[in-house]
Amino acid sequence: MALAKAYKGYTGMMWDKLSVIATWQPDVQLAVGDVVTGGPGGVVTRETTLQALGVPSDRLACTEHEAAPVREHKGVTISASGSVAVNAVAAAGKARASFTEQASFLVVTSQGQQRSVGSMADARAVVEELSASKVWQPEWHLVTAVRSYPACTIVIAKSGGVEAEVSVNVPVTGVVGVEGVKAGADVSVNADHASYWVMPFSSTPLFEAVGMKRRLLRRQSAVQVAYLTRDTDPLDDAEAELVFAAQRSSPADFGLL
């Protein structure tokens, strides 16, 4: 079953803006070295791990660094509700998030960490070796990077007219934007026309992966080939060859687009 248009809008924007795959469902826990598939509805499922497949844990060295907070939205306007003391630098409060159309969404995370394989060439080599030995399954993908956050809030509207109350840090001006929404805080939605996840715990809503893909290669030996009786376009004599190689996975490979 394909994902609804609403969810595809969210995963598509994460891919376009951040070049990462949005984990579906967002509270699925992933780690580098996991082998995953895209199941019914695009849900990401852990099938096994490299270690379970007999790959030594030190085969792929990993690096870690900070991941900036994510503050992304589409078709969302936020307005503060209630009053704020003017002598406060900032105050905690509530705000109304209005979702104007189908596939409108809001995703807010705290500061996080990214763990990645040190060499993508090494990761591709591991996948290709497992494929050559008939261990690797065609629908598998190797997780090569994960972004983990100690707190995350995601709201995705299935239709326009959805409103949600979200916790915010309100500046003295009373003007609130997406940057003021608190990750991991409670969310109250006015209808069942939205899906939302509040995760005040470590989660991995964004990841990267590689998988085996088929490529069509065209090979030709010369710019022009002359025969005794005719000249021929070199493309006429190009040899087409289907090959399989480990390449970066996209949301489409998981049924997310």
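Student: Which residues form one aromatic cluster?
Tutor: The cluster is formed by Tyr-7, Tyr-10, Trp-24, Phe-105 and Trp-197. Keep in mind that this is a predicted model, where local features need pLDDT of at least 70, side-chain atom pairs count only at pLDDT 80 or more, and totals for chains, interfaces and linings use all residues. Residues are numbered from 1 along each chain as its sequence is written, and side-chain values use heavy atoms, with hydrogens and water left out.
Student: How many aromatic pairs does the structure hold?
Tutor: There are six aromatic pairs, a pair being rings of Phe, Tyr and Trp (its six-membered ring) with centres within 6.5 Å, called stacked if the planes are under 30 degrees apart, edge-to-face if over 60 and tilted for the rest. Tyr-10 and Trp-24 are a tilted pair, because their ring centres lie 6.3 Å apart with the planes at 50°.
Student: And what about Trp-24 and Trp-197?
Tutor: Those two are edge-to-face, with 5.4 Å centre to centre and 70° between the planes. Trp-24 lies in the loop between E1 and E2 and Trp-197 in strand E14 (residues 194-199), so this pair ties together parts 173 residues apart in sequence; strands here are DSSP runs (E, at least two residues), numbered from the N terminus.
Student: Is Trp-24 buried or exposed?
Tutor: Trp-24 counts as buried because its relative accessibility is 2%, where buried means under 20% relative accessible area, exposed over 50% and partly exposed in between (1.4 Å probe, protein chains only).
Student: Switching topic, how many disulfides?
Tutor: The count is zero, taking a disulfide as a pair of cysteine sulfur atoms within 2.5 Å. Cys-62 is partly exposed at 30% relative accessibility, and Cys-152 is buried at 0%.

Terms used
Helices (H or I, at least four residues) and strands (E, at least two) are DSSP runs, numbered from the N terminus.
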